[in-house]
Amino acid sequence: GKEKKDRVMSDKERKIVSYHEVGHAIVTALQKNTEPVQKITIVPRTMGALGYTLQTPEEEKFLQTKDELLAKITTYMAGRAAEVTQYGMSDKFGMMCLATTENQYLDNRAGLICGEETAAQIDGEVLSIINKCYDDAMQLLIENRESLDKISEYLYEHETITGKEFMKIFREIKGIPEPEEESTKKSFMEQAMDAERQSKGNDGE
């Protein structure tokens, strides 16, 4: 959707959306099987979104591996994990959608997606995947709390930042040098591990 400048968000909303979007971006950068971040914004859209994190693949893909799909789910979970407020969602079912809206434009009735025993087992498996991805996202954000706070504050002030700006700030906070051309194919996580090994090596001299 297009920018919806007339949708005025409160300071609290802007702060929450900043954390939500930066949560997506940080967890994207810290995983192997993800597409690079191109843009992060907290400018509301006409379609109702209060902001977004845009990722684009480096090459066209027609199939996705299990690892790539799990990385995507973890990235989605990171938005909620990073927020500073809690939604009143069921502890038992967490973030899982248990109903779908039928006849949306007629009577807006909700119908259950899940069926009997077999469906219940599938639901259990889906829930465990969602919860595992949520836990992974939460752990990455806890380990990178300083980056989450600082970049969220920067996005809050600037409203929109490019993927390059995001990665530049993230590298500065983590003490990782800007990548040289030949190492640009390495993931951020691999670069972070390289930087850590290098600093340990220097300490030993």
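Let me start with strand S1, residues 37–41, and strand S5, residues 160–162: the two pair in the antiparallel sense over 3 bridges. Pairing here means that DSSP finds at least two bridges between two strands. The strands and helices themselves are DSSP runs, numbered from the N terminus, with at least two residues (E) for a strand and at least four (H or I) for a helix.

Before going on, the ground rules. This is a predicted model, in which local features need pLDDT of at least 70 and side-chain atom pairs count only at pLDDT 80 or more, while totals for chains, interfaces and linings use all residues. Residues are numbered from 1 along each chain as its sequence is written, and side-chain values use heavy atoms, with hydrogens and water left out.

Now the salt bridges. I count one when a side-chain nitrogen of Lys or Arg lies within 4 Å of a carboxyl oxygen of Asp or Glu. That rule gives 7 salt bridges.

Which residue does Arg14 bridge to? The partner is Glu159, with the closest N and O atoms 3.0 Å apart. This pair joins distant parts of the chain, 145 residues apart: Arg14 is in helix H1, residues 11–29, and Glu159 is in the loop between helix H4, residues 145–158, and S5. For accessibility, buried means under 20% relative accessible area, exposed means over 50%, and partly exposed is in between, using a 1.4 Å probe and protein chains only. Arg14 counts as buried because its relative accessibility is 16%. Glu159, at 28%, is partly exposed.

Asp136 and Lys132 form a salt bridge at 2.7 Å, N to O. Both lie in helix H3, residues 117–143, and they are 4 residues apart, about one turn of the helix. Asp136 is partly exposed at 31%, and Lys132 is partly exposed at 49%.

Last, helix H5, residues 163–174, holds both Glu172 and Lys168, 4 residues apart, about one turn of the helix. Their side chains meet in a salt bridge at 3.0 Å, N to O. Are these two residues exposed or partly exposed? Glu172 counts as exposed, since its relative accessibility is 54%; Lys168 is partly exposed at 43%.
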